[in-house]
Structure formats: structure tokens, C-alpha cells
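Biologist: Please show me the structure, and then let us go through it by question and answer.

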Amino acid sequence: MLKNHFALALRHLKREKGYAAINIGGLGLGLACCFLIVLFIQHERSFDGYHANADRTYLLTVQIPTFQDVNGSTPAGLASMMEESASGVEHVVRVANRSDVPVRMPDGEVQSVGPLWLADPGIVDAFTFEFLAGAPQTALADPSGAVLTETVAHVLFGDADPLGQTLVLTRQNLALTVTGVIADLPGNTHLDVGMLVPFQALPAFAGPEALTSMTDWNYRSYVVLRDGAAPEPVAEEAAALVARAHEYEAGEEVKAQLRPLPTLHFDTEIADRDTFQIRDPRVLWMFAAIAALILLIACVNFTNLATARAAQRAREVGVRKSLGSGRGQLISQFLAESLLMSAFAIIVGFVGVVLALPVFNDALGGTTALGLTHLGTLVGLAVIGLGAGLVAGSYPALYLTRFSPARVLKGDLSHGGGAATLRKGLVVFQFAVSAFLLIATLTVVHQLRFMRSQDLGFAQEQVISFQATPEIYNGAEAFKQSLLSQPSVLGVARASGLPGAVYSASNFLWPGSGTDEETAQSSQSLLADPDYLDTVGLELADGRWFRDSEADIQDAYVLNETAVREMGLVDPVGHVFRAWDRPPGTVIGVVKDFHFTTLRQPIEPLVITYRPEWMGDIAVRLAAGQVAEGLDEVQEVFAEAAPGYTFDYHFLDENFEAQYRDEVRLSTLLGFFAGVAVFIACLGIFGLAALMAARRRKEIGVRKVLGASVQNLTAMLAGDFVKLVALAFVVAAPLALLAMNRWLEGFAYASELGPGVFALAGGGVLLVALLTVSTQALRAATADPVRALRSE
Amino acid sequence: MTPLLHLRDITYAYRTRRGDPPVLQGVDLDVAPGAFVTVIGPSGSGKTTLLNVIGLLDRATSGTYTFDGRDVGAMKERERATLAREAIAFVFQAYHLLDDLSIAENIAEPLRYQKVPADERRQRVADVLDRFGLAAKADRYPGELSGGQQQLVGVARALAGRPRLLLADEPTGNLHSSQGEAVVGALRELNERDGVTVLHVTHSERWAADGGRVVEVLDGRIVADSEA
């Protein structure tokens, strides 16, 4: 029977090609979107869950009284104390992350190895690496060992066997021997490693005390617990150890937490989102909802077209019933048709996914690599597709098989009113979702434009920045002078950070108002030289900027306006002020507020000092209209000063652009899905309009004979749909207003959600819908009325 | 002899707010097994409704209806469906063949619902096709046949299920007279050779003159019942 059902369904689809194309195409497109989102969610949820010991590996976070941000920074000295005193700890694996470290090859060539990680040997227990060469347990045991990823090994050594090869870290002058090669890391981990070096080598990077220091909070600690050990007591022990080492007093709370590895990706309490690739779980929910909605829109087409074609199918139902068919048999026949169509749609969906994956991966930022490689995934997706077919086909199956044969064989289809109302409701639903997605997209685009158009408080154009190499760092003044002698270079400054990338906080103290007792406050801090003000284009509000004099080094302070305000300083210039580790100094000036981190945050207090020895960033202002020449000149000076290094520079405005990555991604994806939703919904009303026009053929003929114009008839036929789409917009607009206002609340500098966005979205949806149904309406209205009347 | 059909005081009314008169009012009818009854009457007189009630496509509003001594009104829906599937077949004015099925498949469809095994099904379809001279067209689709041929397929389909009662509702209404002759001839042969009881509804008195019993319906009542 089942085989017969499918054979019949196939014949039916062949005969009704237009209907089949709309259904299969629409559902296939909906499934493709849904599949992409499912793959994306699956990928996100798999983050760092694949490590063999993931269930007992944790990231340690510690909050101290003077620095309350939750981040992965811990002192290196804590690990050995924890391993000694905390029960249940198998390893505490310390990690220091150094971005792009250059290495010198035996032939003298300097190459880049990507991110370098200093890590304790236990890292192979915390994380699962696939060793292609070398032994996991011994590769990092020797302090001069190095483990490379496959790609880095290939870049450095080509096809030669990398094991036993030597290389030198140029900045540290540290010779290493390759002891292992691991497969490149998959996309679903927050680890970003090009080369692993034993943590024991840390003193070469951070001084002789680094391994035991309790004050240098620059290292991550991953804790691997013994089987069955609870994380809470270990975290408490870590907090107690930190409190004791820093001699915090009672009431000064130290909070420590062990954060499970598999959920780290969604741990939004962690402030350093980039390092741990933290994703807001709400984004996943949002995409899951979009997937479900798009699939529903596609299912609605299926349901609507099937019930709208009831007239065509009713006779068949009547005949079959008169031949002795039971309702169950008819239902299963209709469901077979739905399943067959969804099977074709699944194929369309898979093809769509394969075609869209490169673009989708790109939109997700390139680090994600979704793919259709697992059989389980394919089967799961196919089940979703068949499920959609069943859901979409069940109402029509129940509806169509309810017809009384005696009536339908007489041509009486009078009890179709319920289905017509449902159909209208479903069209409203489709367009409401589409309009909602469009409004959301336009809001994100609008907010992006708003952020990009903000006055950032500094002159961001024509300024490039790059990191000083050790050679440049050691000969900074000479390098600066060489650059300044170039015709296209207007200014050169050194600093510890540039607008858009200032991420350093420190504690400052000053005599509080009315008392001599010092008030302490954590504040963002920046080190900058005397040329920073003009090179970056900041403006002074009061006092002066740093001069190249001994007096201004270390103990002179420039604050931003927010710092002055929040610290409650009156007449700040000349006020006594000091960093927590310095003797008292003086505030010499105040700069106007400028955006030095991100537009998501309000401007925070910033304290600027001048300490030549810690400034590794270089900013160069190029003359307007001479950027290309300027870049060539700077590159030439750079190559001369640091031979063998790549000149890796950024424009200052790129620092901010990089911060909009999430919003750019969101607007791209939302825009894509909104477009698909509108397209599928239009496909549906295109089909419905054709059916309606066919059904009203005689009416149209009569009206034409009575003198109705083509415009009258087109307006009559298209008007019904336009009214539904307008109603959908009325439903969607307030919901979108609520949702997007909540989204905008996440920005310190948010655009106003004005009528423009709504007008554009509403107008767009209406126009597209009108164009879609007008083609059908026009065709019906221009048909020869005589033929229509004769055929009736 | 127990009549095959026994109808007493059958009324059929649509539930409308306008208070339309019933379509059937107090119909009494007995039909013996193997009879050929021609039901005549003008359009709208209630012939088709009577046929639908007899064929179990519709339920009478009131009255008694027994089929071969079994009270149809007391049957559950499932029993009615089984009885209809196994004992009753229809031939319609508009042929009502299934467009997606070939001629052979159309004829086989009621057998499928009767769960006749595939081998027997094939045999019975082949027999019927032979009998109606349709064997050469077995794989054609309804749209490829003339109206008369389609109606012959309709009769063949009705016969394949080996019904005891065949209800033909204006089977010649859409046909030229020569095609009509062939179809009614087929019905008569079915009645005489196979012993199938036939109720032939028509608004044309032409077929009433062919002999057998003629029942005339007007305004929902039987106004004449005679042997021609």
C-alpha cells in the first residue's frame, strides 16, 4: 500500500509541476537555512567538549578586592601551591599566551609561528591534542622542547621531518628543539596555538621570578581534577591561598571559581570575551528561533497551498471514498505525498547547505568550519526535514479527507470557510515573521552606522599602528627620528595602547576630598609619550601634556574628563596623585574624553602616564593624501631597523572596526535570513494568488463583461493579499520595537529606533508582496473573458 | 423473498436556516435482488440524494433502511463502510476516474480497498478489461480516452469489485446517444449475466422505455412505480 502511495504521489507531483516546484523549492530553502543554523548551533555547543578530560577540567578565575573583573588571569606562583595543598587536584596547568612570536631558523631566516603558548606539561591532560609526531607525555618535559602544529611545522620545515630540528625565539634568544607535532586544532576550541613551549621557559620571557610570582597576574590556570573531586573546595582553597599571599584583611573578599571547560564558551561572566571566544548563549537561542520560524514559514506554504487546492483534491477524495477507501487510507496517502515532497526538499536543502557553507563560514568569521561530514548529522537533518513534511502535511491531510463524498461529488465545497480563515492567519504569520526579521536587520545596520559615525574624540584617519620589535624597542628614539625624517610622516608616538585597544587597568591613589587619607580606585591606565597627543589627535581640556623631561617621567599624570568627574577632583591640575606602586606625583593635565575601548561601554576613567620603558606600540600619523607613499616609507624604515620581520600594521580606525565584528556578522546573517523568509513567504502568496485567480476565473470574466478595467481587477485580486501583509506588519512592528529596544540597551551609545527603520521594513515587505501577487492578478485580469465564461 | 433494499418513510433534509423543504420526504421503496430499476425524475427532484442514501454515502435524516435484511441505520460507521466497500458500487455521470491512475489501476483501486490479494487483483482486472474491450487501453490514462470509453471504464471499475448493488447516477448524461447506448447496454448485461442489482438514475425517459421497473421521483417523493 505504502509503495502504491508513493508511486501515486510521484505521478501527482509530475503532473502539478508548478505546485511541486513552489512547495519543494520553498521547503528546501527553509530546510537549507534550518540546516545551516543547526550545524552552527551544534558547532557552538561542541566547543571544548571534545577533550577527553573535559568533564574534570576547569578554568580558574580569581577576583581580588582591587580588581573585580572576572577573567582568566592568575599569578604563576599559585599553581604549585594549589597542587600541594588542595586535595582533588591532579594538575594545575599554567598557560602564558604570546601572540605572534618570531623565530630564527638555522639558516638565519626569521619566520612567524603564530600564537605561542607557554604551558605546563599537564596541558596534554587538560586538552586533547592529536600528536602526529613525538610523545604527548614527554614532549613538554624538557624546558627547551617545542611542539608545533602541523601547519607551523610545514611552514618552517617544509616536507622535512621536524622532530629534532632547532629554532631560536629571537626576542628571548631562546634555543628550542622540536619535540612534537600536533594536528591543527579544530574550530570548536578556544585554544589558539601555533607553537607550545614548556612553561619552565617563562623566565626568558618575564624575568627570573616569574615562575613563582604572586603579583604578576598574567597567566591562565587550567585545573584538572581527579575523578569525582568537587570543584568548589578547590576554588575556595585557591581563594584562600591568594588572600594569604597578598595579606588581604578580613572583609576584603577574594573570590575564586572553577569554570567547567565545556561551558566556558557560553560563560558570559568572563570579561575577556575574545581570548575565550565567549559567545552569548542568547545568540544561539535567537538563531534557533530564526531556524524554527523560517521552517514554519516554509511549512505554512505547504499547508496553505494544499488547502487552497482543496477543490482540485476534493473530487478525488470523494471518488476514493465512494470506491470504499477509509479515511485512514486517504490520510496516509496525503501524508505520503507530503513526505515525498519533503524528501525532495531535503535534497534541495542539502544542496543549498553545500553551496552556502563557504559564504556562511565566512560570515561567521572564518574560524568556524561547519560541514556536512557526519552521517549522524545528515540523518538528524533528514529527520528534521521529514518532520517538517509531516507537520506541514498533517492539517491538509485531515482537512481534505473530511469531505463528504456525497457533497463533493456534486461539486459542493461549501465548508471550506475555516480553511480560508486559517490560510489568511498563516499568511499574516509568515509576513509578520518576515517583517520582524527585516526590522531587526535594519536596526542592527542602523546601530552599526550610528557607531561608525560617532565622534570618537580623536583623529582616527591616516594613523597606523604596529608593535615594536625588540630591535626597534631598544633603539626607539633613533627609529622615531628616522620615521620623522620621511616626507609623508607627520608624527610618531610610542604608547602601551592605542584607542580601541587599551586594555590595562591599575590602581591609583590620591588624597580624598576633605581628609588626608588616600582614596584608592582602579582605573584604566595608558602609558604614552609626549608626541601621543598630536599623533593620535587628542584634545586637552585643561593643563598640559607630557614634556620630554625627567620630571614628567613616571610621576606626572594626565586624566581624562571622566576620571576627573568620577574621582571627584576639583581643579585637578596640580592635585597630588600616585600609582599604587609609586611615590606621590602630580596631575599635570586633563584630556577631553575619547573612546579608548569600545562603543559598547561608556567611557571609563583613564589615567595616562609617561614611562618610556613599557611602551611597545608605535603610532604614525601620515599626511593626508599621501597614505600610500607614507606606508612605503614607514615599511622601508621598519625593514631597516628590524630585518626579517613582517611589517604588520593596522589603521587606527580598524581597531574600532574589529570591535563591530559581532554586529557586522549579526547584520549579515540576519539580513540573509530575513531575505530568505521574505522570499519563501512571497513564494507562498505567489502560489496562492495563482490559485485564487484560477478559482475566480468566472467572476473575473463576468466583471470584465460588466466593464471592470484591468486596474480594477488587479487591485481587487492583489488587494486581498496586500491587506494581509499590512496586518502582518501591524502585528510585527510593536514586537520588533520591544525586542530591538532591548537589544539596543546593550550599547552605551545606542541609536534611536526611529520611524525610518519601520517605514523601510514595512514599505519593503509591502512592495515585494504587491509585486509578487500583481503578476498573477494582472495575468488573470488580462485573460479573455469569453473563454473563461465559455469554459464554465 | 427478502428484498435487497427496503426503505420506509425515508426523509432527508439539509440543516438550513431558511427552512427549505426536505430533499426526500417519506420515501418507501423495496428492491428485489437482481432487479433492474430505472429511477427517473427532473433535475432537483431528489434522485441523486436517494442514491447517496442507498449507497451509504449519506445518512437519511429519518426512516428505516435495511440492506439485505440488515438495519443500516443501526450500524456503526465502520460496519457501514465495510458494507459499502464490499457490496455497493457507483457509476457517476462525470465518470470520476482518478486522473493519476491508468485505466487498469483505476479498475484495481476498489479491489485494493477490499484487500484483494495482488495476484487475484491482476486477474480480475484483466478479465474485466477483456470483457469491456479495454485491454488495449489498460495503460492509458483517463484523459486519453473519449467520454464513452471513460464511462465504460467507470462501469468496469464498478463491476471489478463484484458488488451486489450497482448505483448508476446519470451515467449517460455526458455522452452522445451511441455512447449512452453502449453504457446502458453494459449495465443491462451486468444485471442479466452477473445478477447484479442495478439502480439506474436518469432524467431521460428514453432509458425508461427499455423495460424493467421504473420509479419516478418528484419533489422528494416517489410518485409512480411501475413495470415498463
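Modeller: A definition to begin: the expected span of a helix is 1.5 Å times one less than its number of residues. Helices (H or I, at least four residues) and strands (E, at least two) are DSSP runs, numbered from the N terminus. This is a predicted model, where local features need pLDDT of at least 70, side-chain atom pairs count only at pLDDT 80 or more, and totals for chains, interfaces and linings use all residues. Residues are numbered from 1 along each chain as its sequence is written, chains are lettered from A and ligands numbered from 1 in the order in which they are written, and side-chain values use heavy atoms, with hydrogens and water left out.

Biologist: How far does helix H5 of chain B reach from its first C-alpha to its last?

Modeller: H5(B) covers residues 147–160, which is 14 residues. At 1.5 Å a residue, 20 Å is expected. The computed reach is close to that, at 20 Å.

Biologist: How many residues of H5(B) are buried?

Modeller: Buried means under 20% relative accessible area, exposed over 50%, partly exposed in between (1.4 Å probe, protein chains only). Among the buried residues are B:Gly148, B:Leu152 and B:Arg157. H5(B) is mostly covered, and its buried count is twelve.

Biologist: Which helix of chain A do the buried residues of H5(B) pack against?

Modeller: Contact means heavy atoms within 4.5 Å. In chain B, the partners include strand S6 (88–92) and helix H6 (177–194). In chain A, the partner is helix H9 (310–322).

Biologist: What area is buried between chain A and chain B?

Modeller: Buried area is the accessible area (1.4 Å probe) that two parts lose on being put together, summed over both. The contact takes 21 residues from chain A and 22 from chain B. Carbon and sulfur atoms give 52% of the buried area, which is about 2100 Å².

Biologist: Which residue forms a salt bridge with A:Arg315?

Modeller: A salt bridge is a side-chain nitrogen of Lys or Arg within 4 Å of a carboxyl oxygen of Asp or Glu. The count between the two chains is four. For A:Arg315 the closest N and O atoms are 3.4 Å apart, and the partner is B:Asp99.

Biologist: Is A:Leu355 buried or exposed?

Modeller: A:Leu355 lies in helix H10 of chain A. Its relative accessible area is 63%. A:Leu355 is therefore exposed.

Biologist: What percentage of chain A counts as buried?

Modeller: Chain A comes to 24 helices and 23 strands. Its C-alpha trace spans about 105 × 60 × 55 Å along its principal axes. Of its 792 residues, the buried share is 52%.
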